[in-house]
Amino acid sequence: MFPWWIYVAFKQMFPSRRGVSFFAAVSILGVALGVLGLFGTQSVMNGFHAKISQKLRDTTGDVIIKQGGRPISEWKGVLEKLSAYPEVVAAEPCAKGPVMMTFNRVPVFPILRSYDTIRDKSVLPMEKGFIRLGKLDELDDDSVILGQRLAYAMRANVGDTVEVYSPAMLDNVGKDEIPMAARLKVVALLRTDFSSVDSNVALVSLRRMQELYSLGDSIHEICLRLKDPSMDEDFAIRISKEVSPLSVSTWLDANESFLSVIKMEKTMMSIIILLIIIVASFSICISLYTSVLRKTRETGLMCAMGARPWHIICIYCLQGLLIGVVGSLAGLALTVLVMHFRESLVEIMVGRERLAEFYYFSSLPVKYEFADAWRACVFATGLCTLAGFIPALRAAAMRASEAMRNE
Amino acid sequence: MNNPADDNSAPKEQDSACGYQNGGGIPREDMYGAGAKVQIENAVNADKEIGAGEDLSKGTPVLEAIDITKSFPSPDGGKLEVLRGASIKIHRAQSVSLMGESGAGKTTFMNAVSALERIDGGSIFWDGERIDKLFSGAQAARRARFMGFVFQSYCLVPELDALENVMLSARIAGLYKPFKTRKAARDLLEKVGLKDRLKYLPSKLSGGEKQRVAIARALINSPSLLLADEPTGNLDETTGEEIMDMFLRLCSSEGASLLLITHNPDFAKRTDKALKMSKGIILPS
């Protein structure tokens, strides 16, 4: 048999024959919306973080070996050694840099990246269906694969020919000479669903890239894809001596500032949304306080019937706790529900294209993390209990004799 | 009236970890020693002045209050003496009414004898056990089982139906047993004429019905003493009559003693003993 004060607290929130009191319903809804806001935002931010991380890994590789920004000439031996590691799924020599590309006099300035057509496996996971139109096999020294959004921007399509100018061309032309553009045929379109790649990257063969950048046989970096991406840092440390004097970094190091912005964004949004829960807890506190004043006589009578001050404290704190717990759980359930229909909501509210334009992805990514759910629930429940504590103290301080006089 | 218990220190707020101060829960003869017996008898004699013609063969009084004093701070910084040595003795199954003009100290006296209010001086015994010096927690625990209250405003918990309101008193007293208490509550509500209103919330009951529920609630723990402060004050004359009839009948049938505070001389006449209070003192009847 549970204590009577639990019974009273429960009944005050869920009265007999009325189901749920207006105060309890509104309070629970307020907390649920707060938790929805908090947990929903965190889950979306986690989704962004996870998806961006995955896309960054896909496009840059897990481990990158460089030579302080200078081209690497003796790379073949290193590549062979690194390829021999069982942890390495793919090792690719890579050159990349900005170029000017024109089609029908529309200039764009994408990043041109090499794609090793000779080796079996590239660091770019093409098996994920990145090629949407055309064929990857058709990529040779005279062709190019355009990012899909880049192609749209240029109004170019598969089969068209684009002109490419590299910075090295300007260095190599003499006075009063005009650099000759490299004419490359578009053989496929690349769609990674990562806006910064799809709208800003084009792929050419390694040989063509070396030529465009006057690299000779050199490359800019060696990129590795690992079997277990989570081991990237350990692996980087292991090979750093072997590849010395080349420097080894992970995808995390390469994108540190970008990822920290996303983390910071998550933190800031969480802090702002926490205010919603704090406001909800203020409302609960005020409502409970009003309830204490309204129930002066009942409280006095309970004291006369044998209730102790701590029983009265428990009644009101428990109401806060119940609102917190039920509101938090309802908030979690609401989050899952809203996130389930997120695509339709995004479609209605902002439209997919605008989402892709600003947030890199054409669909809203979501990743639930237990720690976020736990923190949101504990915070909401703690605040609600605290909100109940202040009126509880007021009620407990009431003397039965005084309370009965108030009638 | 001399107070034989004056030698004891005035009741203070509890300071003992176990909840008792000197003498808490000890029969008064044992507490004061053999020498004190004479003083206690004096107190009984003093009581004779109050309750003329009462039968002392009834044994240990259910309630005995001796020379109770109580004052409150007044707005001008002084003291407002509300009780100035009020005494009372109520025996088992005896009904006593207390009348007096407004401000005479009736409600304060009721709060004092029920240990809802700390007293400045005097002593209070419930079934022979000195109560006024107990820790408030111990007082509350004893009060829950020993006393029932009926107030002018019914003080029903609005979220509970009639049956639940009656059972709440048993829950608080720790006497709740799911089937037994429910049956007892049903029986009591039937006795007060609310057989068809068991599941009604207070908001759906009339004033008379609410007071009937409050009476059933006061009786659910089979208390030794019922304290009723103007129980018909909010009711019309006819309903008040009905309620009072039923109340007195039930007190009698349940064997509970009654201290009734009322302004109605007709109701007072129907109790075993009618007392008057004036300026903080209970006058000889």
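This section describes the fold of chain B, its interface with chain A, and selected sites in both chains. The model is predicted, so local features need pLDDT of at least 70 and side-chain atom pairs count only at pLDDT 80 or more, whereas totals for chains, interfaces and linings use all residues. Residues are numbered from 1 along each chain as its sequence is written, chains are lettered from A and ligands numbered from 1 in the order in which they are written, and side-chain values use heavy atoms, with hydrogens and water left out.

Chain B holds 9 helices and 10 strands. Helices (H or I, at least four residues) and strands (E, at least two) are DSSP runs, numbered from the N terminus. Of the 285 residues in chain B, 58% are buried. Buried means under 20% relative accessible area, exposed over 50%, and partly exposed in between (1.4 Å probe, protein chains only). The accessible surface of chain B is about 11,700 Å². Carbon and sulfur atoms account for 49% of that surface. Areas were computed by the Shrake-Rupley method with a 1.4 Å probe; for residues, only the protein chains shown count as cover. Contact means heavy atoms within 4.5 Å. Among contacts in chain B between residues at least 6 apart in sequence, 73% link residues at least 24 apart.

The interface comes next. Here, 32 residues of chain B contact 27 residues of chain A. About 2,700 Å² is buried between the two chains, with 60% from carbon and sulfur atoms. Buried area is the accessible area (1.4 Å probe) that two parts lose on being put together, summed over both. On the chain B side, B:E159, B:R171 and B:I172 lose the most area to chain A, together 25% of what that side buries. Between the chains there are 2 salt bridges. A salt bridge is a side-chain nitrogen of Lys or Arg within 4 Å of a carboxyl oxygen of Asp or Glu. The side chains of A:K11 and B:E164 form a salt bridge at 3.0 Å, N to O. In chain B, α3 (106-113), α4 (136-146), β6 (147-151) and α5 (162-173) each supply at least two residues of the side that touches chain A.

Helix α3(B) is mostly covered, with 7 of its 8 residues buried. The buried residues include B:K106, B:F109, B:M110 and B:V113. B:S114 lies in the loop between α3 and β4 (121-126) of chain B. B:S114 counts as buried because its relative accessibility is 0%. Its side chain reaches the backbone oxygen of B:M110 at 2.8 Å. Residues up to four places away aside, B:S114 touches B:W126, B:R143, B:M147, B:F149 and B:L227. Just after α3(B), B:A115 takes a positive phi of about 60°.

In chain A, A:S166 sits in the loop between β9 (161-165) and α5 (167-172). A:S166 is buried because its relative accessible area is 3%. Neighbours within four places in sequence aside, A:S166 contacts A:V99, A:L212 and A:Y213.

A nonpolar surface patch of about 640 Å² is formed by A:L337, A:F341, A:L345, A:I348, A:M349 and A:V350. Patches are made of residues with over 30% relative accessible area and no salt bridge; like charges are joined within 9 Å, and nonpolar side chains (Val, Leu, Ile, Met, Phe, Trp, Tyr) within 5 Å. Helix α13 (residues 342-349) of chain A gives the largest share of the patch, 3 residues. A:V350 is in the loop between α13 and α14 (352-359) of chain A. A:V350 counts as partly exposed because its relative accessibility is 46%.

Key
Polar contact = N/O pair within 3.5 Å; in protein donor to acceptor, adjacent residues only side chain to side chain.
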